[in-house]
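Subject: Structure handover and notes on what it shows

Dear colleague,

Here is the structure I promised to pass on to you, together with its sequence. Please have it open while you read, as the notes below go through it part by part.

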Amino acid sequence: MNLVVNTDLSTLVRLYMITISTCYCVMLLLHSYRVESYSCKMAGNDKRLYKLITNDGNELQALSPPQTYIGSPVSGTLTVGPNSMPVVFVRSVSTSSGAYASDQPHLCNTINKKILFHLISTLNTAFHPDYDFTDAKSDEFSREPSLNWTMSSVKSNLSAALGDSYSLFEQQLWSAIEEEIQLKECEIYSYNPDLDSDPYGEEGTLWSFNYFFYNKKLKRILFFTCRAISNHLSTGDDDRDDDQDGDDDFMEDMELG
């Protein structure tokens, strides 16, 4: 798995975050916001990982229900693209605590081992050398029901943290992603681990997302990840200062160019 350098995408995402850096909610800080494209060509230790994943057990592995619609107060059957199986989801009811619950199970999607390998390899490359996801299981991943659902989930999270500032760049962000990965041709997955495996599982993290846009024809995965941490519990002030210094240099270079 190799990072594919896309200057336009990198510049847009960075300019986006620089512009909104003074607009974030006082309760939240956005960290680890990244949109990166990876080639599915094997590199480094990928062959060993591929053998480890594919040599044992059934070809199809069970996925967890999508996080974007667990507890959604709607019901019906959703068909995702021409090559996808139907996803059946059930009406949920609100409990006294405000959470959603359901007395019916979700019909889970499955994933073949080759795609599971690509997802795990992407995580290993993206978070190297701090984390190793070799032991990640299929039930830590989900198949997202549609592009619209995923975009709405991203919008909900980022708008909660950034308010109207997100809408200023929403169209440009997704246009750049579309140009890189051809969204309508993608299968969309997410990574939703337990706290012990979560690279964003430290104290103060309020929410995070990890989306994979997999284009089989292009043999490429676009990885979109972000987390929000509590401003009051943040221990990353030094890192934020370093990021700000880098952003100032970046803006100076843009002005000089």
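Helices and strands are named here as DSSP runs, a helix having at least four residues and a strand at least two, with numbering from the N terminus. Please keep in mind throughout that this is a predicted model. In these terms the protein has 6 helices and 12 strands, and of its 257 residues 44% are buried.

Backbone features

Gln182 counts as partly exposed, because its relative accessibility is 38%. The loop between strand S11 (205–215) and strand S12 (220–230) holds Lys219, which is not a glycine either and has a positive phi of about 55 degrees. Lys219 has a relative accessible area of 59% and is therefore exposed, the cut-off for that class being over 50%.

The pair of helices H4 and H5

Two packed helices are described by the angle between their axes and the distance between the axes. For helix H4 (residues 147–162) and helix H5 (residues 165–181), the axes come within 9 Å and cross at roughly 145 degrees, and the crossing is right-handed. On the H4 side the residues that take part are Met151, Val154, Lys155, Leu158, Ser159 and Leu162, and they meet Ser165, Tyr166, Glu170 and Trp174 of H5. Sorted by class, this contact has 6 nonpolar, 2 polar and 2 charged residues.

Glu180, a charged residue that is buried

Also in helix H5 is Glu180. Is Glu180 buried or exposed? Glu180 is buried, because its relative accessible area is 8% and the class covers values under 20%. Leaving out residues up to four places away in sequence, Glu180 touches Val4, Asn6, Leu9, Ser37, Leu218, Arg220 and Leu222. With one of these, Ser37, there is a polar contact between the two side chains, at 2.6 Å. Glu180 and Ile221 are 41 residues apart in sequence, while their C-alpha atoms are 9.7 Å apart in space.

Arg34 in strand S2

Strand S2 (residues 28–39) contains Arg34, whose side chain makes a polar contact with the side chain of Glu36 at 3.1 Å. Once neighbours within four places in sequence are set aside, the residues in contact with Arg34 are Ala126, Phe127, Phe223, Phe224 and Thr225.

Two further positions

Lys114 belongs to helix H3 (residues 113–127) and, because its relative accessibility is 47%, counts as partly exposed. Between Lys114 and Leu60, which are 54 residues apart along the chain, the C-alpha atoms are separated by 9.6 Å. Asn109 lies in the loop between strand S7 (100–101) and strand S8 (110–112), and because its relative accessibility is 9%, Asn109 counts as buried. The C-alpha atoms of Asn109 and Ser142 are 7.7 Å apart, although 33 residues separate the two in sequence.

Cysteines

A disulfide is a covalent bond between the sulfur atoms of two cysteines. How many disulfides does the model have? The count comes to 0 disulfides, judged by whether a pair of cysteine sulfur atoms lies within 2.5 Å. As for individual cysteines, Cys40 counts as buried because its relative accessibility is 11%, and Cys186 counts as buried because its relative accessibility is 14%.

Notes
Residues numbered from 1 in each chain as written. Predicted model: local features only at pLDDT ≥ 70, side-chain atom pairs only at ≥ 80, totals over all residues. Heavy atoms only, no water. Polar contact = N/O pair within 3.5 Å; in protein donor to acceptor, adjacent residues only side chain to side chain. Contact = heavy atoms within 4.5 Å. Buried < 20%, exposed > 50% of the residue type's maximum accessible area, 1.4 Å probe, protein only. Axes fitted to C-alpha atoms, helices over the stretch in contact; angles between N-to-C directions. Left-handed = near helix turned anticlockwise from the far one by under 90°. Nonpolar A, V, L, I, M, F, W, Y, C, P; charged D, E, K, R; others polar.
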